Amino acid sequence: MTYTNPVLLCDYSDPDLIRVGDTFFMTASSFNFTPGLPILASTDLVNWTLVNYAARRIPLALYDTPQHAKGLWAPSIRFHNGTFYIFVATPDEGIMVTQTTDPYGTWSDLRFVWRGKGFEDPCPLWDDDGRVWLVHAYVKSRIGFNSKLGLLALDPLTLQAVGEDRIIFDGTKTQPTIEGPKIYKRNGWYYIFAPAGGVTDGWQTELRSRKIDGGYEERIALVQGASPTNGPHQGGWVQTAGGQDWFVHFQERGIFGRVVHLQPAAWKDDWLLLGSSVETGTVPGEPYTVCAMPDCAKASGTTIAPAANATRISANAALDWQWAANADESFAEFHADGTITLFVLDTRANKDGTMPVLWESANVLTQKISREQFAVVASVDARDLPVGARTGIVFLGGEYASVAIERTEDSFALVYFVSAGSGDERRTECVKDRLPLADGVRDVQFRLQFAKQDERTGAVSFSAQADGATWIPADQPFVAEKAHWVGGRFGVYAVGGAKGRVHVRLEICN
């Protein structure tokens, strides 16, 4: 049997993974979205299920409003002495850790192990002598340089950083923009697997040394070459119970985000061969598009399955949903029949009475795209929509578009609007089309249709049904290109200065 890459056509940026018993666990970046730090599980490395999140919220008030492209970057997941750990950094605040003995249950609140600006992509190693190390990269926009890897010592009991940060590898000349390090120890060698060269067109690098603080030998292990997989980038090594080696990495694909690939691996002369190198012996290797399935023979342990009474960190049964900032119980109620009650509010409702901008609204409920073509239908009961409020369906990329119903003092109207960027942090919204509605109870059905245009972009079309007629707004389709370090998302929302609620039923189909 074979599988085809990507194994996850979904934006699981900066993936890292481990095996415990017969179960593989993966986590990934979640940036400003919550709940964050997704936990995915698999027994064959190809078919993955989202089973939980490790972070209910980011423990800083700043993240109560959307901080696009900030938040939780490039986590690493490890298992040590019966406990699961995830280390993760925010670019402006420092490095944090969360832990649990049950990956399907509640993880501890994120806590800082190092505070400061400019560190990213942390990965721990519990050494043979009991010491604990943390390797990391640097964020040039925050600290003034990059292309280097650093090392912190951690207290084995508290996991707090002790001593000074040390630079252990300088890739400025040979491995520019090296980042995302994952550290391992094997046969007396310390290995750091790290991407370099940039997200879109870079490569995967291997470093090794007999000492954790260097000096490190280096080589490029995986490049695009003649394959269609650009920038094979940032991931982790894992071994099956039967002894096979595998490597997970991502590929940057514009609006589809950073999608996950799986490559065969094998050790030779104390270096790890990746991709086609396993077969040819030629280094660097190239990514496979089609490959034989992993041999996931049963381990001596057991499959790690959720306990019957596991309490997941997300309040909603549909784990695919995430908020645009730290979530609050006042945002929504998720019902057993699959419907959602959205409460009309905004953490930054405009004091002048104008409509809140979605880019700045925490209570936008979003879901990653995971197919090249799909439709989303949102049936909305807007009878309790208050004056001055708006509810609708949205597609978010670097820019976004939405069709919605809004209520004024004396009427309802359907609106279609798009955003216009003003740097990374600000957006304005421009109404492109408007349809006034007759008075009466408002049951509206919104439809969003997404279709792949090419490997990196998609076209999004909107329509709405109200009063027995279908409205197709002008100035469509909306062309969705890359988002700001994340893939495209669709979502629903209810915003405005007055309190109220709307009831939504969603259907996702081809």
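Reply: A cavity is a set of grid points where a 1.4 Å probe fits but cannot get out, and its lining residues have an atom within 4 Å of a point. The model discussed here is predicted.

Me: Which residues lie nearest the centre of the largest cavity?
Reply: The structure holds three cavities of 30 Å³ or more. The largest has a volume of about 170 Å³. Its lining consists of 16 residues, and those nearest its centre are Phe-33, His-68, Trp-359, Leu-396 and Gly-397.

Me: Is His-233 buried or exposed?
Reply: His-233 belongs to strand S18, which covers residues 233–239. Buried means under 20% relative accessible area. The relative accessible area of His-233 is 0%, so this residue is buried.

Me: Which backbone oxygen does the side chain of His-233 reach?
Reply: Beyond its neighbours within four places in sequence, His-233 is in contact with residues including Glu-179, Trp-203, His-249 and Gly-198. At 3.4 Å, its side chain reaches the backbone oxygen of Gly-198.

Me: What radius of gyration does the protein chain have?
Reply: The C-alpha atoms fill a box of roughly 75 × 50 × 45 Å along the principal axes. A compact globule of 510 residues would have a radius of gyration near 24 Å, and the protein chain agrees with this, at 24 Å.

Technical notes: Residues numbered from 1 in each chain as written. Predicted model: local features only at pLDDT ≥ 70, side-chain atom pairs only at ≥ 80, totals over all residues. Heavy atoms only, no water. 1 Å grid on protein atoms, 1.4 Å probe; cavity = no way out; pocket = protein on both sides within 12 Å on 5 of 7 lines; lining within 4 Å. Points joined across faces, edges and corners; volume = space filled by probe spheres on them. Helix = DSSP H or I, 4+ residues; strand = E, 2+ residues; numbered from the N terminus. Buried < 20%, exposed > 50% of the residue type's maximum accessible area, 1.4 Å probe, protein only. Polar contact = N/O pair within 3.5 Å; in protein donor to acceptor, adjacent residues only side chain to side chain. Contact = heavy atoms within 4.5 Å. Rg over C-alpha atoms; globule rule 2.2 N^0.38 Å.
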